[in-house]
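Subject: Structure handover

Hello,

Here is the structure I promised you. Please open it next to this email and follow along.

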Amino acid sequence: GIDAFEAQLEAELAQLDLELHQAIPAQVVAHRRLVSEVNFTHTATKELQQKVDRIVQRAIQSEASAEHLCQGVRSLDTAKRKLCATVKALQNIQMLDYGLAQLAKMLPNSGSGVPNTNNSNCSPKAGGDAPKPVAYSEIAVFLSDCGSRMEQLEKYAELPKVRSLKVSLAALHERLQKQIIGQYGAVDPSAGCPGAELLEACE
């Protein structure tokens with residue numbers, strides 16, 4: 001009866017106490033292991049975050065370095081274009097100066113008297129040699145080249161040298177115009193054709 005049931009309960013309680021007593025050390029060990037693993041995971045996570053931060057910082061520095069490098073390349077490219085433009089302008093100035101000098105040599109002096117009309121029907125005046133014919137076709141080539149170079153130098157128009165060349169070119173144009181008008185005035189209407197030289201000037 002009751003005594004046997006009481007004895008059975010006591011036996012079960014004793015067994016339960018034994019199992020609890022055995023389970024406690026195992027739980028302590030498992031808890032310690034879990035804490036260790038959590039600490040290890042926390043430390044590893046922290047180290048990983050530090051590595052990620054370093055990688056991000058390096059990426060930012062690399063991006064800044066790349067941008068600085070690109071700015072340097074762009075600056076060099078701009079300087080190169082400006083240098084090429086300056087060299088081209090200097091070449092144009094030199095060639096324009098040379099062309100104007102050649103034009104000045106090719107045109108007769110303003111005080112040389114009535115220019116020659118190169119009229120085959122008219123004889124040179126007695127007592128003097130006929131003036132050297134004016135090569136208007138060559139003058140036209142030089143004038144065209146000088147005009148083209150002057151247009152390319154328009155953005156440098158404030159430079160004293162360019163202003164001087166522009167004035168010289170205008171003076172040569174005026175001188176050439178007077179030369180041609182003078183030749184027309186010297187043509188003898190009774191002689192017929194004004195001559196190949198003057199016709200070349202008209203062209």
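Start at Leu103. Leaving aside residues up to four places away in sequence, Leu103 touches Ile139, Phe142, Leu143, Cys146 and Leu172. Touching, or contact, means heavy atoms within 4.5 Å.

Two notes on how to read this. The model is predicted, so local features need pLDDT of at least 70 and side-chain atom pairs count only at pLDDT 80 or more, while totals for chains, interfaces and linings use all residues. Residues are numbered from 1 along each chain as its sequence is written, and side-chain values use heavy atoms, with hydrogens and water left out.

The overall plan

The protein has 4 helices and 0 strands. From the N terminus on, the order is α-α-α-α. Helices (H or I, at least four residues) and strands (E, at least two) are DSSP runs, numbered from the N terminus.

The protein has 203 residues, and 17% of them count as buried. Buried means under 20% relative accessible area, exposed means over 50%, and partly exposed lies in between (1.4 Å probe, protein chains only). The accessible surface comes to about 15300 Å². Carbon and sulfur atoms account for 60% of that surface. These areas come from the Shrake-Rupley method with a 1.4 Å probe; for residues, only the protein chains shown count as cover.

Now look at contacts between residues at least 6 apart in sequence. Of these, 80% join residues at least 24 apart. For a pair to look at, take Leu90 and Leu153. They are 63 residues apart in sequence and 9.4 Å apart in space, C-alpha to C-alpha. Leu90 is found in helix α1. Leu90 is partly exposed, with a relative accessible area of 47%.

The core

In soluble globular proteins, nonpolar side chains tend to be buried together. Which residues have the most contacts inside the largest nonpolar core? They are Leu96, Leu100, Leu103, Ile139 and Leu176, in a core of 18 residues. The elements giving two or more residues to this core are α1, α2 and α3. Helix α3 gives the most, with 6 residues. A nonpolar core here is a set of buried Ala, Val, Leu, Ile, Met, Phe, Trp, Tyr and Cys residues joined through side-chain atoms within 4.5 Å.

Arg149 lies in helix α2 (residues 136–152). Is Arg149 buried or exposed? Arg149 is buried, at 17% relative accessible area.

The cysteines

How many disulfides does the structure hold? It holds 0. The test for a disulfide is a pair of cysteine sulfur atoms within 2.5 Å. Cys146 is buried, with a relative accessible area of 0%. Cys84 is partly exposed, at 46%.

The salt bridges

Side chains of opposite charge can pair when their charged atoms come close. The structure holds 6 salt bridges. Each is a side-chain nitrogen of Lys or Arg within 4 Å of a carboxyl oxygen of Asp or Glu. Here are some to find.

- Lys161 and Asp97 meet at 3.4 Å, N to O. Lys161 lies in helix α3 (residues 160–186) and Asp97 in helix α1, so the pair ties together parts that are 64 residues apart in sequence. Lys161 is partly exposed at 39%, and Asp97 is partly exposed at 35%.
- Glu154 pairs with Lys166, the closest N and O atoms being 3.9 Å apart. This pair links distant parts of the chain: Glu154 sits in the loop between α2 and α3, and Lys166 in helix α3, 12 residues apart. Glu154 is partly exposed at 41%, and Lys166 is partly exposed at 43%.
- Glu174 and Lys178 meet at 3.5 Å, N to O. Both are in helix α3, and because they are 4 residues apart, about one helical turn separates them. Glu174 is partly exposed at 44%, whereas Lys178 is exposed at 57%.

The surface patch

Last stop. Leu48, Val52, Val56 and Ile60 form a nonpolar patch on the surface, with about 340 Å² of accessible area together. Patches are made of residues with over 30% relative accessible area and no salt bridge; like charges are joined within 9 Å, nonpolar side chains (Val, Leu, Ile, Met, Phe, Trp, Tyr) within 5 Å. Val52 is found in helix α1 (residues 2–106). Val52 counts as partly exposed, at 37% relative accessibility.

Best wishes
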